[in-house]
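Hello,

Here is the structure I promised to pass on to you.

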Amino acid sequence: MNTKNLSLKAILLLLVCAYNFTACSDSSNDENSETETPNEPVSLYTYFSNDPDYSLLVQAIDQIGYNNALNVDGAGSYTFFAPNNEAFSRYLAEKNINSIQNIPTNTLTQIILNHMLSGKAKFASEITEGYNKTQAKEYITQANIELFVAKKNSTITLNDRILITKADIEVTNGIIHKIDDLIMPATLATFIKVDSELSNLYNASKELDNEVFTKLNDIEADITVFIPSEEAFLDMGTVTLESLNKTIKYHIIDGEINTSNNLKDGDVLNTWQGNAIKINTGDSIIITDSANENATIIAKDFVAWNGVAHIINK
């Protein structure tokens, strides 16, 4: 037996096995777990331009005039959620739009800005679970629209189940997180659907033949909603659907968007149910109903495309 040849064969076999093991191991790694840095320092815009799978995103950035802003090394510090061509093509097909250029520029601007967080660039681990302000603006108040982030183990989802597929790509002017769909600016219905702390309103709205949910999901609406806390919902006990319908509509102002800064002492707001409520301001914002009962805003200014939500304790 030629021991020299055997040893050489054994070494080659070990190298092949090691290569195969490494390849298999790399392919099964969670894509969110490692930071990617391009081979050469590049800006956000250059990174997308160099990847043909993001050509539609580049077209969108060009159309809204952000190509220069996103192409300056070290200028700005962006957290950018990046949808690929498949995501854009799906949106175009759903809206029966032929091309990126046929999306109204004002609409496209808000869509793209909704993929960018306000503030400094953040790695996935630094993004707050819950509500995060984007750079998109609600039209009337010009308040920043929120993005809801949920984290479970290594999985991060945005708004209604949009998945981060590859996180933490460092570029010279920010951090990119690749995602599997477009993030349309959230409606108030989005928030009550994805935020477990608002699930009581979501469940109640679905009980009412979807009338309330449809209203909160109407992108053309202007709404202020005062959402009872989970404890407040439980305090209601068992009620009829008719009573529930009136109660929920009494918490909705249809036709007005009132952030906390816009709520002034003595304001009287007409509710969707028909009766009015009165605003009292001071150390906190108090809402007085027609029965002279008071509720306090305990969390405020969750801004959506079609309005704003405040959480109250009753």
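First, some ground rules. This is a predicted model, in which local features need pLDDT of at least 70 and side-chain atom pairs count only at pLDDT 80 or more, while totals for chains, interfaces and linings use all residues. Residues are numbered from 1 along each chain as its sequence is written, and side-chain values use heavy atoms, with hydrogens and water left out.

**The chain as a whole**

You will find ten helices and 14 strands in the chain. Helices (H or I, at least four residues) and strands (E, at least two) are DSSP runs, numbered from the N terminus. Of the 314 residues, 44% count as buried; buried means under 20% relative accessible area, exposed over 50%, and partly exposed in between, with a 1.4 Å probe and protein chains only. Among contacts between residues at least 6 apart in sequence, 61% join residues at least 24 apart, where contact means heavy atoms within 4.5 Å.

**Pockets and a cavity**

Rolling a probe the size of a water molecule over the atoms shows where empty space is left. On a 1 Å grid over the protein atoms alone, a cavity is a set of points where a 1.4 Å probe fits but cannot get out, and a pocket is an open set with protein on both sides within 12 Å along at least five of seven lines; lining residues have an atom within 4 Å of a point. Grid points are joined across faces, edges and corners, and a volume is the space filled by probe spheres set on the points.

The largest pocket has a volume of about 1,100 Å³. It is lined by 37 residues, of which M184, P185, T187, I219 and W305 are the closest to its centre. Helices α4 (85-95), α5 (105-113) and α6 (188-194) are the elements that give two or more residues to this lining. By class, the lining of the largest pocket has 18 nonpolar, nine polar and ten charged residues. Here Ala, Val, Leu, Ile, Met, Phe, Trp, Tyr, Cys and Pro count as nonpolar, Asp, Glu, Lys and Arg as charged, and the others, Gly among them, as polar.

The second largest pocket holds about 290 Å³ of space. Among the residues that line it are F226, T247, Y250, H251 and K314. Its lining divides into six nonpolar, three polar and three charged residues.

Two or more lining residues come from each of α8 (211-216), β8 (223-228) and α10 (241-249), and β8 gives the most, with four. The cavity lining has ten nonpolar, two polar and no charged residues.

**Two helices to look at**

In α7 (residues 199-207), the buried residues are L201, Y202, A204 and S205. Seen down the axis of α7, they fall within an arc of 165°, so they line one face of the helix; the arc is that of the directions from the helix axis to the C-beta atoms. Their cover includes α6, α8, β8, α9 (230-236) and α10. After α7 comes D209, which has a positive phi, near 55°.

In α5, the buried residues are L108, T109, Q110, I111, I112 and L113. They pack against α3, β1, α4, β2 (116-117) and β3 (130-137).

Leaving aside neighbours within four places in sequence, the contacts of E146 include Y131, A186, F191 and D301.

G76 lies in the loop between α3 (55-64) and β1 (78-83) and is partly exposed, with a relative accessible area of 42%. G255, in the loop between β9 (252-254) and β10 (268-270), counts as exposed at 52%. G255 and D222 are 33 residues apart in sequence and 4.8 Å apart in space, C-alpha to C-alpha.

Best wishes
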